[in-house]
Amino acid sequence: MGVILISSKTGKPYDAGSKWISPKARKAIYERDNHCCLYCGSSKGLTLDHVIARHNGGELRAASNLITACVSCNSEKQDLTVRQYAAFRRGKYGESQAGLIPRIVAAIGHRSF
Ligand SMILES: [Zn+2]
């Protein structure tokens, strides 16, 4: 899952691929989240999802703004906020999302999203 950054040299957006965060920092977040997508519980195709989107002022590399999400949840979520995506999942899958927000709060240590 690529992250779009603005080049400090050219001022133009570019896809930073997976290199925007160090492998060590990425691994630490996966470990914190028990190598499971916080949305669906999958352990396959893990990516990092920004809890507060970059364009809404979320920090790029802060562990307190990153959660583990599988590639299918992350791409389905697109530009939705976490709370919007929880509501979307409730409608689409009919599943209870009661545990989702508390799970994210527990992982990142704050509820300001
Ligand atoms: Zn998932």
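The questions below go from the whole chain to single elements and residues.

Colleague: Before we begin, what kind of model is this, and from where are residues numbered?
Modeller: This is a predicted model, in which local features need pLDDT of at least 70 and side-chain atom pairs count only at pLDDT 80 or more, while totals for chains, interfaces and linings use all residues. Residues are numbered along each chain as its sequence is written, starting from 1.

Colleague: In what order do the elements of the chain run from the N terminus on?
Modeller: Helices (H or I, at least four residues) and strands (E, at least two) are taken as DSSP runs and numbered from the N terminus. The chain comes to four helices and four strands. From the N terminus on, their order is β-β-α-β-β-α-α-α.

Colleague: What is the radius of gyration of the chain, and what would a compact globule have?
Modeller: The radius is taken over C-alpha atoms, and the globule rule is 2.2 Å times the number of residues to the power 0.38. The C-alpha trace spans about 45 × 25 × 25 Å along its principal axes. For 113 residues a compact globule would come near 13 Å, and this agrees with the chain's radius of gyration of 14 Å.

Colleague: What percentage of the contacts with a separation of 6 or more is between residues 24 or more positions apart?
Modeller: Two residues are in contact if their C-beta atoms, placed from the backbone, lie within 7 Å. Among contacts in the chain with a separation of 6 or more, the share from residues 24 or more positions apart is 54%.

Colleague: In which sense do β3 and β4 pair?
Modeller: Two strands count as paired if DSSP finds at least two bridges between them. Asp49 stands opposite Ile67 in β4. The pairing of β3 and β4 extends over five bridges, and its sense is antiparallel.

Colleague: Why do the buried residues of α3 line one face of the helix, and within what arc do they fall?
Modeller: In α3, the buried residues are Val82, Tyr85 and Arg89. The arc is that of the directions from the helix axis to the C-beta atoms. Seen down the axis of α3, the buried residues line one face because their arc is 55 degrees.

Colleague: What covers the buried residues of α3, and which residues are exposed on its other side?
Modeller: The cover over the buried residues of α3 includes α2 and α4 (100-108). On the other side of α3, the exposed residues are Gln84 and Gly91.

Colleague: Is Asn34 buried or exposed?
Modeller: Asn34 sits in the loop between α1 (23-32) and β3 (46-50), and its phi is positive, about 55 degrees, although it is not a glycine. Most residues other than glycine have a negative phi. Because Asn34 has 11 C-beta neighbours inside 10 Å, it counts as exposed.

Colleague: Is Gln78 buried or exposed?
Modeller: Gln78 lies in the loop between α2 (71-77) and α3 (82-93), and it has a positive phi near 45 degrees without being a glycine. Since Gln78 has 10 C-beta neighbours inside 10 Å, the residue counts as exposed.

Note on methods
Buried ≥ 20, exposed ≤ 12 C-beta atoms within 10 Å, placed from the backbone.
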